[in-house]
Structures are given as structure tokens and as C-alpha cells.
Amino acid sequence: MAQLAINNITKTFGDTSVLKGISLDIQDGEFVSLVGPSGCGKSTLLRIIAGLEEPSGGHIMIAGTDVTSTRASDRNLSMVFQSYALYPHLTVAENIAVPLRMRTMNATQRLPLIGRVMPGASDKAKEIAQAVQHAANVLEIDLLLDRKPGQLSGGQRQRVALGRALVREPAAFLLDEPLSNLDAKLRVQTRSEIAELHRRLNATFIYVTHDQVEAMTMSDRIAVMMGGEILQCAPPEVVYDDPDDIRVAEFIGSPKINILPVERTERDLFLFGQRLPLTAKLDAPALLQIGLRPEALRLTKTAPLMTGQVAHCENLGSEIFAQIALDEHTGRVVIKATPEERHKLSLGAKVGLGFAATDALVFGPKGKRLRDIEATACSVSEVA
Amino acid sequence: MVTLDTSSRPVRRAASPTKRQARTAWGLTAPALTLMLLILLVPVAVAGLLSFTNYSLGNSGFDWVGIQNYERLFTRSTYAKMFIATFTYVVTVVPISVGLGLGAALVVNSMGRIGDIYKTIYFLPVMATLLAMAIAWEFMLHPSIGAVNRTLEMGCGTWLETLPFFAKGCADGFPLWLGDRDYAIWVICFIGIWQGFGFNMVLYLAGLTSVHRELYHAAEMDGAKTGWERFRLVTWPALGPTTVFVVTISCIRAFQVFDTIEAFWPQGGGPNKSAYVMMFAIFEKGIQQNLIGIGSAITMLFLVFVMFLTLIQRWLVERKVHYG
Ligand SMILES: Nc1ncnc2c1ncn2[C@@H]1O[C@H](COP(=O)(O)OP(=O)(O)OP(=O)(O)O)[C@@H](O)[C@H]1O
Ligand SMILES: [Mg+2]
């Protein structure tokens, strides 16, 4: 259990720079998710924290001590590898027991055959067997304990790898996409197991994932990585509702946020020639972008800000996502509608769209969020 | 009769494709089976039969002598020496050349670029003809003008003389090596190791490439701090199948040692028959002295050893080191 500080970490492989100055402070007992597109350097960062890869620059501190030059086995961290990395010659039980055997038994106690009769060895072996059994029960692999990794399915292997990491109580857990190969049901279940384990141990977790739902539901904070940088690290609701960067807004949220071009004249903002109830500073760029979440867009007949035709409709039962081809613009926008509104969304139907000014996220031309935009609620009263 | 006929018809129909397939299968395997029979099994069977006779090449007939040939193998002192020489060679050369091969492979594997040079150097003796190499060794080991004893003599008069070996050598002359019955078999062992370990190294290098790199990282995270712990946890188990293969091949090659002995002592297999190994015995009895019966008996024994080793290998591969 320890706090972790990542200080301006850079990493280059030959000429390609993979990490470009990553800084991140993780509190004791915090659950931080690293999300980002494939190849953005998540695993590399995790391996640098673990000590398996040397950073080109920067420092890693664990519980206040600089461990940048400490070797991996002395950092007291536990890791689940993206490729599982199970020992093929050992059974599931032996695999899970390895970290405990390595760290709690001395060299003579670990010897084959003779080790068993060494003083204290049998007590320790019993403790280890119990811990293994417990981990296996939690992960539902207790029936597989005598098998070799070669005889397991991908998901089962992943759970063994998870068991091997969770059987110890290290300073922090590093999990690299630990649920990527599980089926939906098991994924939900293991997700809650990990969350519960986090609550019970109150341990520090760094959790790499592609899955936004995992990141949103489990983490205290989400760090969105892209192109070797952390764009934003904030609690899930902040990352979703109040993103710092257009790339964060686009990466988080499914379906994707709608991005539309906006022009500024004086202090007023215009969307396809229509004035928006927003006022900008006079020094803001002339061309801006606004981001609108699907749930921020509403169907409306009175004074719509946009009009278009329904191009595609996905009914998920509890909610409907409809793609609207805009009249004013070549792109499509996605809106979220309730099942009651389904009759309005037949294919090809003409619809009008509106949104509340406070829900619009305004970004500069480079994608940085502009926060000094004010909503002027007075002008239009288009509430349906 | 009519009822029987109708009932048997579907059965015949069902059976005929299976039968046809079986016939085709036999037809297709026949050439391979015939070749195996002619090239492998028939000669072994003939050798087995001949081992119970006193046949000589050129004789028009032969007598059955029962197990007399085998009896001789286990009672005469020459053959006792043969077994001692052979087993000394196998027991010395196999573990050392396997161990050195593994060690060299681990070192070469961890060296990167420079490793390639060592790889080539260690592999050179494997590629060279042992017969030609034996002549070079014979020069080097010559008691008076050989490089080995000349080098040893340079140690005389220095602190090395405190060692009993040097003290004795400087006073009475260094060993005759190939002419000394205490040294001859060890010299043969040394040359066998020198020549063979490069081959084992190459096999181990191939085995090492199949070790998943991430496993070392996992071992590191699990707390394996020393190189030895990582070797025990990751490398050695991963090399299990390679080791079984390397040991078996080395054993068989060690049983087959012949050319060094033939090159050094064409008549007789070393001073006082101290390097009279099985292969040489087969050659001497069966070919030089035209005693086909006894030669066949030694051959059969040789085959039993090799067969035994192969069976152990199969058993190990299937049971112990297969991680399916
Ligand atoms: N040993 C290496 N040598 C050269 N380039 C590497 C090496 N390891 C990783 N990279 C590069 O670094 C980048 C980041 O890799 P990394 O494995 O960290 O991605 P990731 O974010 O974990 O992706 P994924 O989500 O697909 O696992 C990739 O572009 C990859 O090609
Ligand atoms: Mg990765």
C-alpha cells in the first residue's frame, strides 16, 4: 500500500519516442485506469513503473522513495501481463503459488524434495496452499488447479494470471488489460471482484484497459493517454462531462461525441448561420468546434438549431440511438432518444434538433477546451 | 434365405467403403513398409541370426553355436575392458558435453553480437572431420615434440612445480598421453567433449529461442532475484524437451565413438586395450578379423543399448517434459 509518483517519464525506442514526458501522482489506495488507443504506450508506461523497462528520462517514486534504479523484484509490485506469462510447466496451483514461494520461503525451503523437511517449510506450504485455494475460489478456477496452462482456455489463463497477481499484498497492483479475454458475464463478475478487492485491501491499483465501461465503473480517476502523453487525468464523471481536450471527449463516451464547426463573429457564436445562446471572449479564435454528447441533443419542432433526416436507427430497448444526416452539413450526428420518441424516428423522417447551451462543450481549433464561454440563456426560448 | 439376403445387404454396403479405405491405406504405406523392412529390419534380423553362428565371410557354410558368442562377451577379459572403456567414455562425455553445451549456449545467448563469433568458433570442431582433427591432436600430444608437453615443460621451475603433477612431470617427464594406459581413455574423452559440445550448444541455442521473454519478466515480478532462480523457474523447464533430445543424441554419439580410436591406434584400441570401445570392437572382430559371429553379437548388444536409450527418451518426452 503506497502512493506512487510518476515524474516526467520519457521513453524512446531507437528514434521513435513512445512516452513524451508523463507525470502522474497516484494516492495511496487509489484506483487509476489508463485508457487510450492501441499503441499509445500504456503497456510501456506500466512496464516502466514495474521496473521491467528502463525509462529514457524521469523518475518513479513509490511511497516517497525514488525507485527509478531499483530492480523490478525489489519494488514489491504485482503485475498481470497482457500476454498472461504463465509458467507452462507448472500447474495452475503452482503458478499462483510462485510469488508466495519466492517471497516467503528461503532458498533451502524451496528445494525440491529436501525443501519439504526443512524447518518451518510445512507451515508455510500450508499457508500458501490456503492462499492459493482462496484466490482460486474467488476467480472460479478452483476446479482447474491441477491443470497446466496449456490445457486452459484464454479466459481461464487470464484468471490464473490475475490470481497470481492478487495472491500477494504488494505496494501496488499493475494490471494490463486483465479482463480482455473474458466473456461478458465473467467480465462483469470479475470487474466487481477486483473493485471489491480494491475496497477490501485499500491497495493502489493501476489498471490498463481498452474498455471504457471498466474504466468508468471501477476507477477513482481515469488517465486518458494518447500519442505518449496523458491528456487528462480526472474522476470518471469529470472526464466525461468536462473534458480538457477534444481527443479526450472523442475517446470517452459511446457512441462518440458529435463535433460540429462553429464561427465567431464579435462575441457571438454561429452554428450553420444560426446564432447560439453562447458568448465568447473577443480574443477567442474565429473558427471553433463544439462537442455535443448524444444525450445533449433533443428532438424539437420549435426553432430547431439544426434540421436533418433520420439515416439510421439503433434500438437498444431502453434507449435509441439515431443517426441524423444534417441538411446544413455533410456529416451525421448521433442523438440519444427515449423509446417514446421512436415514432418520430422512422427512416427518412425530417427532424429538428436542439440543445441546451450549458451542455455544449466548446473547443478551440487545435482541440483545447475553451472554458471562458458563457451561456446566455435569455435569447432563445425553444424548449419543446 | 431371402430374408437373410435383404438384411445383409445394408451391412455389406456400410462395410465396403471402410474396407476400400483400409485397402488403399495399406497400398499407400506398402512402399515405405517394404523399404523399412529391407533397409532396417532385415539387416538387424540377419545380424541377430548371425550372432548365434560362427560364420566368416567367404566360408560356404557355418555352424550354429548357440549363445557361445554372448557367453564370450560376458566372460573374456578383453570384452570386460571393452565395456569399461565404453561406459567410461559415455559417462564422462555425455554429462560434460551437455553441461558445457548448455553453459556455452546461455553465455552466447546473452552476449548479442559478439556471441555470433563464439558460436562459430565453438561449432568449428563439429563441422571438421574428426579423423583429420585426430591427426592434429596426435601431433599436439606427441610425448617429446608435441605442443602439449612443450607447454607443460615451460611450467617447470616456476611456482607450478609445487603441484604434484608438475613435480612428477618435471622430474620423470610428462605423460605419454596416447601411449599411457592411464591417460589414453581420458584423452579420448577430452577430444570427444571438445568435438561434441558445440553441437549441443547449437541445439540449446535453438531451444532458448523458444523461451517466452515475458516469462523472465513475470519471474522478476514474482520475486526471482538471482539469475539462478530465474534459470530454475523459467529457462531450465523450458529447455526440458531440448535436454532430453540432447542427452539422447549425445549418448548415442558417445556409444558410437570410433574414428579417434581408429586414427590413434589402428591396431588394438589403445595401450593395454584401455580405449577398446564397442564400435572399435565391432570393426576389429567383424571386419579386420572376419569373425562375423562375435561381431554380430556385439552389434546386437550395441543395438540394445541404443534402443533402451531411445525408449527412455520417448517415455520422458511423452510423460515428463511435454507441456501440451
Ligand atoms: N521493444 C520495443 N521496441 C520498439 N518499439 C516498441 C517496443 N515496445 C513497444 N514499442 C512501441 O511503443 C508503442 C507503445 O507500445 P505499448 O505496448 O505500450 O502500447 P499499448 O498502449 O499497450 O497498446 P495496446 O493497447 O495495443 O496494448 C507502440 O507503438 C510500439 O510499437
Ligand atoms: Mg498494451
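1. Two strands count as paired if DSSP finds at least two bridges between them. Helices (H or I, at least four residues) and strands (E, at least two) are DSSP runs, numbered from the N terminus. By these terms, strand E3 (residues 31-35) of chain A and strand E8 (residues 204-209) of chain A are parallel partners, with five bridges. A:Val35 has A:Thr209 of E8(A) as its bridge partner.

2. A word on the source. This is a predicted model, in which local features need pLDDT of at least 70 and side-chain atom pairs count only at pLDDT 80 or more, while totals for chains, interfaces and linings use all residues. Residues are numbered from 1 along each chain as its sequence is written, chains are lettered from A and ligands numbered from 1 in the order in which they are written, and side-chain values use heavy atoms, with hydrogens and water left out.

3. The six-stranded sheet. E3(A) and E8(A) belong to an open sheet of chain A with the order E6-E7-E8-E3-E9-E10 and mixed pairing. Neighbouring strands are turned by 15° against each other on average, direction ignored. Axes here are lines fitted to C-alpha atoms, for helices over the stretch in contact; angles run from 0 to 180 degrees between N-to-C directions.

4. Helices on that sheet. Contact means heavy atoms within 4.5 Å. Helix H4 (residues 154-166) of chain A lies across E6 and strand E7 (172-176), at about 175° to E6(A). Helix H5 (residues 184-201) of chain A lies across E3, E7 and E8, at about 160° to E8(A).

5. The four-stranded sheet. This open sheet of chain A has the order E2-E1-E4-E5 and antiparallel pairing. Strand E2 (16-26) and strand E5 (65-66) are the edges, each pairing on one side only. Strand E1 (residues 4-13) and strand E4 (residues 57-62) share five bridges. A:Ala5 faces A:Met61 of E4(A). Helix H1 (residues 42-50) of chain A packs on the sheet and touches E1, E2 and E4. The direction of H1 makes about 120° with that of E1(A).

6. A hairpin in chain A. Strand E16 (residues 306-315) runs antiparallel to strand E17 (residues 320-326), with seven bridges. Four residues separate the two strands, and A:Gly317 in the turn has a positive phi of about 95°. A:Val310 stands opposite A:Ile324. E16(A) also pairs antiparallel with strand E19 (residues 350-355), over four bridges. There, A:Gln309 is opposite A:Lys350.

7. The contact between chains. Chain B gives 20 residues and chain A gives 28. About 2,100 Å² is buried, with 59% from carbon and sulfur atoms. Buried area is the accessible area (1.4 Å probe) that two parts lose on being put together, summed over both. There are four salt bridges, each a side-chain nitrogen of Lys or Arg within 4 Å of a carboxyl oxygen of Asp or Glu. One of them joins A:Arg71 to B:Glu220, with the closest N and O atoms 3.0 Å apart. On the chain B side, helix H9 (213-221) and helix H10 (227-238) each supply at least two residues. H9(B) gives the most, seven residues.

8. A helix pair in chain B. The axes of helix H3 (residues 77-111) and helix H4 (residues 113-127) come within 6 Å and cross at roughly 145°. B:Ala104, B:Val108 and B:Met111 of H3(B) meet H4(B) residues including B:Ile114, B:Tyr118 and B:Tyr122.
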